[in-house]
Amino acid sequence: MTQFKAEVFQNAYIPQGADEVNAIMTVTVEGGLGLGSSGEKVIGIICDTSGSMEGGKIHAAKDAIVRLVWLLPADASFFIVAGGETGDLIFPIAKATPESKQRAIAAIKTIKAIGGTCISTWLAKALEQFAVAPNAIRQCILLTDGENEKQDEPLLGAMLNACEGQFQCECRGVGSDWKVEELRKISGRLLGSTDIITRPDLIEADFREILQRALNKEVSDVALRLWTPLGSRVRFCKQVSPDIVDLTGRARQPKPQIQDYPTGAWGKAESRDYHFCIEVKSGEVGDEMLAGRASLVVTTGGVENKVAEARILAVWTDDESKSTRIDRRVAHYTGQAELAQSIQEGLEARGRGDDDVATALLGKAVRLAHESRNEATTKLLRKVVEVENEEQGTVRLKRLVAKEDAMALETRSTKTSRIQRPDTAPGSNQE
Amino acid sequence: MIRLCPQCSVESPTEDRFCEECGTRLEVPASAPPDCPKCGAAPEEIDPDGYCAACGFRRVASKRDRFELTVSPTFAGLSDRGLRHHRNEDFLAMDTVAEDAHVIVVCDGVSSTRDADKASEAATEAAFRSLVQSIESGQDTRRTALMAAMAKASAAVTALASAGDNPATTIVAAVARGAFIDIAWLGDSRAYWIGPDGPARQLTEDDAESPESHAITKWLGADAPEDVLASTVRFVISGPGHLLLCSDGLWNYLPDPAEMVRAGADATEAVRSLIEFANNSGGHDNITAALLTL
């Protein structure tokens, strides 16, 4: 049985008239094997084979996929889609036996880089394949190097609606001619991440890591269920660690007062943090309220299983020494969200030539990253700005910045540091 | 609806709390728990921890938050959370033992300590049990019994101490029997005598720096000075009147409770109106009052 543990961190005391309750919930997987999954795993591989991939990129991608296929355990299933103007299923779903691996590799060899980029057709092919194994852990890798064709945009929107909840997708952009926003839209809806692979020779290492994580997953289709009192409103629900994912608009509402947020599949020893911000009816001093009840729900064969639960409370007090304290986890992740926003808006300002705004925002980002000891982000920021004073956030924009470095900062701006615990080394970024 | 007195089998209307014939206390029927006081949701919407599944608010009237003790029409007490504190840190115990000995203990937990509610409860229980035992075993030598009860209460509160927290409480205990009332106390919880006319007479002297400061100079708890002894006083009953024990949540608002006590139809009504008065005046602290009419 996979055991989930849910813990809430908050300062429940709020002053008279206050109507906002903030809490961080840490969810950790503890122990054992497969509740909620058949143990079956399907790995889908989608590789961009449009004309722009021609040359080093397509060679490196083909090599990386061949290696990936070799690494697949025999009990996993896989399929491969070559993506151009239409999705071409070059290897339909099959168990990863030595024999089928041979056939897959032969099919990979035939791939040629030609034509345009219509991602909706690639996802359509993947959706068909995943439909064969609805109870499996369903993970997809999508590699591309360019922008989606304009005429595919509306089709992609509709396809994402169809794919949501059907499989998860990790998106990787190789080089610097792709759009962060575009891939993030796909990975966000399909509960994966978006990252940059700056050079083709790094594709293989990245794929290995994605596969490792995918194979580590034990439970699929986990929902975060939040009960809130009548008359309340969820201002936001965000995953805040290991990276920031806003789930607010993603909720299903199975009944009144209950929101189900998708969290996808969970692996061994995985731990994530969530930030809830709930607007409640204000109470009187002395009142105590259950402002939220958060639980994890695993659905297996249509049967829901509640696996962990934690409470979010509100206690109104006129004791200021109690109500003015901010829980340090809430403060930390509020800071991390501000950091990500400063980077995104700073890079945007830089892009449109507004240097003053860009300098101010990226300077603020440097300060926030320093304060929260988010060293990974600090390192990325230093490639874009010259830091004069970390504590005060005084910076100068660098004149010559590699496009890949700016994109790396943009894609990884949502990675958060975890709050420093006495027993962990400072500066470790996530996990 | 009618029900029978368990003592004399005379019928009484259900709303009566005492048998008209013999005065026996009629068992209060297990009435349905109230609806959610905030949103009016049905009782079944309220979870075992008291939270309403509709509006989320916790039902204020948990057992400890407000509890009423009625020994007889002339002997009753009430302890209430008040309006400003999120829990009730006062505690109260009272009963009539060995037919004619009336025992009352009131404690007020010092709210700067974390387990103030546990401190007042432990002290009350220990002192009360000790007094009842002394009286029932016939060793009722009043002052000795009271001092023994104080020692038991002190030990009970001291046992609650943990690293970083020394729970503490005030205490006032009274035994009324025959022509005497004997009282012992530490801190600023009080005892009053209220005669047929005139103002109430305070029988205790607050162990406090000044009546305004609320900084008590004596208390029960692990951090109490070791050589501190409870003060005691003996009051000689010379005529009819009322004995009132209360915490500062009451006397802060009502320095002279005489009129209100005399106006009560019975002891229960009187303590209810006292607590109501304190709450209407602001209810800034927990409020406890115990009344014995002699």
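The model is predicted. Chain A has eleven helices and 19 strands, and chain B has five helices and 14 strands. The contact between the chains takes 16 residues from chain A and eleven residues from chain B.

**Chains and interface**

- Of the 431 residues in chain A, 47% count as buried.
- In chain B, which has 294 residues, buried residues make up 44%.
- For contacts in chain A with a separation of 6 or more, residues 24 or more positions apart account for 73%.
- In chain B, 59% of the contacts between residues at least 6 apart in sequence join residues at least 24 apart.
- Where chain B meets chain A, the contact draws on eleven residues of chain B and 16 residues of chain A. The side of chain B that touches chain A consists of six nonpolar, three polar and two charged residues.

**Sheet in chain A**

- Six strands of chain A form an open sheet with mixed pairing, in the order β2-β17-β16-β10-β14-β13.
- The edges of this sheet are β2 (13-15) and β13 (252-255) of chain A; each has a single partner strand, so one side of each lacks a neighbour in the sheet.
- From one strand to the next, the twist in this sheet averages 35°.
- Strand β10 (residues 217-227) of chain A pairs with strand β14 (residues 258-267) of chain A in the antiparallel sense, over eight bridges.
- In that pair of strands, Arg225(A) stands opposite Asp260(A) in β14(A).

**Hairpin in chain A**

- Strands β18 (residues 385-389) and β19 (residues 394-397) of chain A are paired in the antiparallel sense over four bridges.
- β18(A) and β19(A) form a hairpin, with four residues between them. Gly393(A), in the turn, has a positive phi of about 70°.

**Helix contacts in chain A**

- Helix α1 (residues 56-71) and helix α6 (residues 203-216) of chain A pack at an angle of about 30°, and their axes are 9 Å apart. The crossing of α1(A) and α6(A) is right-handed.
- From α1(A), the contact uses Ala60(A), Ala61(A), Asp63(A), Ala64(A), Arg67(A), Leu68(A) and Leu71(A). From α6(A), it uses Ile203(A), Glu204(A), Phe207(A), Arg208(A) and Leu211(A).
- By class, the residues of the contact of α1(A) with α6(A) are eight nonpolar, no polar and four charged.
- Helix α8 (residues 328-351) and helix α11 (residues 403-412) of chain A cross at roughly 145°, with axes that come within 9 Å. The crossing of α8(A) and α11(A) is left-handed.
- In this contact, Ile343(A), Gln344(A) and Leu347(A) of α8(A) meet Ala406(A), Leu409(A) and Glu410(A) of α11(A). The residues of the contact of α8(A) with α11(A) divide into four nonpolar, one polar and one charged.

**Arg184 of chain A**

- Arg184(A) lies in helix α5 (residues 180-189) of chain A.
- Because 19 other C-beta atoms lie within 10 Å of Arg184(A), Arg184(A) is partly exposed; a buried residue has 20 or more.
- Arg184(A) and Thr411(A) are 227 residues apart in sequence, but their C-alpha atoms are 8.2 Å apart in space.

**Sheet in chain B**

- An open sheet in chain B has six strands in the order β3-β4-β14-β13-β9-β10, with antiparallel pairing.
- β3 (66-72) and β10 (201-202) of chain B stand at the edges with a single partner strand each, so each has one side without a neighbour in the sheet.
- Strands β4 (residues 75-80) and β14 (residues 287-293) of chain B pair in the antiparallel sense over six bridges. Leu78(B) stands opposite Ala289(B) in β14(B).

**Helix α2 of chain B**

- Helix α2 (residues 143-158) of chain B has 16 residues, which should span 22 Å at 1.5 Å a residue. The end C-alpha atoms of the helix are 22 Å apart, which agrees.
- The buried residues of α2(B) are Ala145(B), Leu146(B), Ala149(B), Met150(B), Lys152(B), Ala153(B), Ser154(B), Ala156(B) and Val157(B).
- These buried residues of α2(B) pack against α1 (116-136), β7 (168-177), β8 (180-186), β11 (220-221) and β12 (231-236) of chain B.

Terms used
Residues are numbered from 1 along each chain as its sequence is written. Chains are lettered from A and ligands numbered from 1 in the order in which they are written. This is a predicted model: local features need pLDDT of at least 70, side-chain atom pairs count only at pLDDT 80 or more; totals for chains, interfaces and linings use all residues. Axes are lines fitted to C-alpha atoms, for helices over the stretch in contact, and angles run from 0 to 180 degrees between N-to-C directions. Helices (H or I, at least four residues) and strands (E, at least two) are DSSP runs, numbered from the N terminus. A crossing is left-handed if the near helix is turned anticlockwise from the far one by less than a right angle, and right-handed if clockwise. Two residues are in contact if their C-beta atoms, placed from the backbone, lie within 7 Å. Ala, Val, Leu, Ile, Met, Phe, Trp, Tyr, Cys and Pro count as nonpolar, Asp, Glu, Lys and Arg as charged, and the others, Gly among them, as polar. A residue is buried if 20 or more other C-beta atoms lie within 10 Å of its own, exposed if 12 or fewer, and partly exposed in between; C-beta atoms are placed from the backbone. Two strands pair if DSSP finds at least two bridges between them. The expected span of a helix is 1.5 Å times one less than its number of residues.
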